[in-house]
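Open the model in your viewer and keep the sequence panel beside it.

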Amino acid sequence: MTESDDLRRFEILVIPHLDAAYNLARWLTRNDQDAQDVVQDASMRAMRYFGGFRGDQARAWWLQIVRHTCYAWLKENRPAEVVAFDDGEDAWRELAAPAADEPHAIAVRNADRAQINQAIAALPIAYREVLVLRELEDLPYKDIARIADIPVGTVMSRLARARGLLRQALLHGARPVLRTVARSTPGGVK
């Protein structure tokens with residue numbers, strides 16, 4: 001197979017999953033620019049070794065490279081985050097309450113989205129990656145196990161733990177219940 005054949009295969013099999021790669025890198029690094037750098041580095045690695053790829057699950061293969069590149073990047077640039085696997089309980093409680101208590105539905109939806117994003121971003125990285133791969137990328141457990149290089153049972157337990165932590169954070173940071181405010185009319189309060 002020639003180099004141009006590999007390039008063509010790469011474009012067909014890997015390029016359609018760039019958004020998923022960026023999404024995974026974004027959630028693992030928690031920064032847009034860092035995610036772009038990681039995906040670029042991962043793309044270079046993938047191109048270098050694509051000639052040896054013989055599998056039929058290019059998405060899982062590609063996301064595995066992105067994951068490894070993320071961890072290498074984090075180890076070099078933010079080593080405390082990789083080590084903080086078991087320290088997530090305390091960080092979880094320090095989540096800021098949502099800033100939005102505006103009356104408009106869009107503002108409430110945006111606040112909910114921000115709260116969920118903060119809760120996901122505050123998860124320990126090992127839990128965050130399986131949650132992102134399962135819930136946002138809709139990957140089966142088998143592919144997640146392959147990408148994260150862990151047994152399927154560990155994927156399931158980390159996913160359950162991630163969901164529990166997420167639930168706990170969202171309940172802990174829940175917005176206060178809104179109450180109805182009487183409208184004032186020209187004739188008085190209604």
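Start by selecting Asp138, in the loop between helix 8 (125–136) and helix 9. The model is a predicted one, and in it the phi of Asp138 is near 55°, a positive value in a residue that is not glycine. Is Asp138 buried or exposed? Asp138 is exposed, because its relative accessible area is 60% and the cut-off for exposed is over 50%.

Asp149 is not a glycine either, and has a positive phi of about 60°. Its relative accessibility is 60%, so Asp149 counts as exposed.

Next, select helix 9, residues 141–148, and find Lys142 in it. Lys142 has a relative accessible area of 56%, so it is exposed. Which residues does Lys142 contact, leaving aside neighbours within four places in sequence? They are Gln57 and Val152. Then set a distance between the C-alpha atoms of Lys142 and Val155: these residues are 13 apart in sequence and 8.6 Å apart in space.

The average pLDDT of the chain is 80, and 76% of the residues score at least 70.

Select helix 4, residues 58–77, and look for Gln64 within it. Helix 4 has 20 residues and reaches 28 Å from its first C-alpha to its last, close to the 28 Å expected at 1.5 Å a residue. How many of the 20 residues of helix 4 are buried? The count is 14, so helix 4 is largely enclosed by the rest of the structure.

Why does Gln64 count as buried? Its relative accessible area is 18%, and buried means under 20%. Leaving aside neighbours within four places in sequence, Gln64 is in contact with Arg146 and Ile147.

Stay where you are and turn to the nonpolar core. The largest nonpolar core has 48 residues, and Trp61, Trp62, Leu63 and Val66 touch the most other members. Helix 4 gives the most to this core, with eleven residues. Helix 2, helix 3 (32–49), helix 4, helix 7 (105–122), helix 8, helix 9 and helix 10 each supply at least two residues of this core. It also draws at least three residues from each of domain 1 (1–84) and domain 2 (99–174).

Select Trp62 and show what surrounds it. Not counting residues up to four places away in sequence, Trp62 touches Val14, His17, Leu18, Ala21, Val39, Ala42, Ser43 and Ala46.

Go on to helix 2, residues 18–29. Helix 2 has twelve residues and reaches 16 Å from its first C-alpha to its last, close to the 16 Å expected at 1.5 Å a residue. Which residues of helix 2 are buried? They are Ala20, Ala21, Leu24, Ala25, Trp27, Leu28 and Thr29. An α-helix has 3.6 residues a turn, so residues three or four places apart point the same way. Ala21, Leu24, Ala25 and Leu28 are among the buried residues of helix 2. After helix 2 comes Arg30, which has a positive phi, near 60°.

Asn117 is found in helix 7. At 32% relative accessibility, Asn117 counts as partly exposed.

Finally, zoom out to the whole chain. How many helices and strands does the chain have? It has ten helices and two strands, in the order α-α-α-α-α-α-α-α-α-α-β-β along the sequence. Buried residues make up 38% of the 190 residues. The accessible surface of the chain comes to about 11600 Å², and 53% of that belongs to carbon and sulfur atoms. Among contacts between residues at least 6 apart in sequence, 69% join residues at least 24 apart.

Definitions and conventions:
Residues numbered from 1 in each chain as written. Predicted model: local features only at pLDDT ≥ 70, side-chain atom pairs only at ≥ 80, totals over all residues. Heavy atoms only, no water. Helix = DSSP H or I, 4+ residues; strand = E, 2+ residues; numbered from the N terminus. Expected span 1.5 Å × (residues − 1). Buried < 20%, exposed > 50% of the residue type's maximum accessible area, 1.4 Å probe, protein only. Contact = heavy atoms within 4.5 Å. Areas by Shrake-Rupley, 256 points an atom, 1.4 Å probe, with all protein chains shown as cover. Core = buried A, V, L, I, M, F, W, Y, C linked by side-chain atoms within 4.5 Å. Domains from an automatic or database assignment. pLDDT = per-residue confidence, 0-100.
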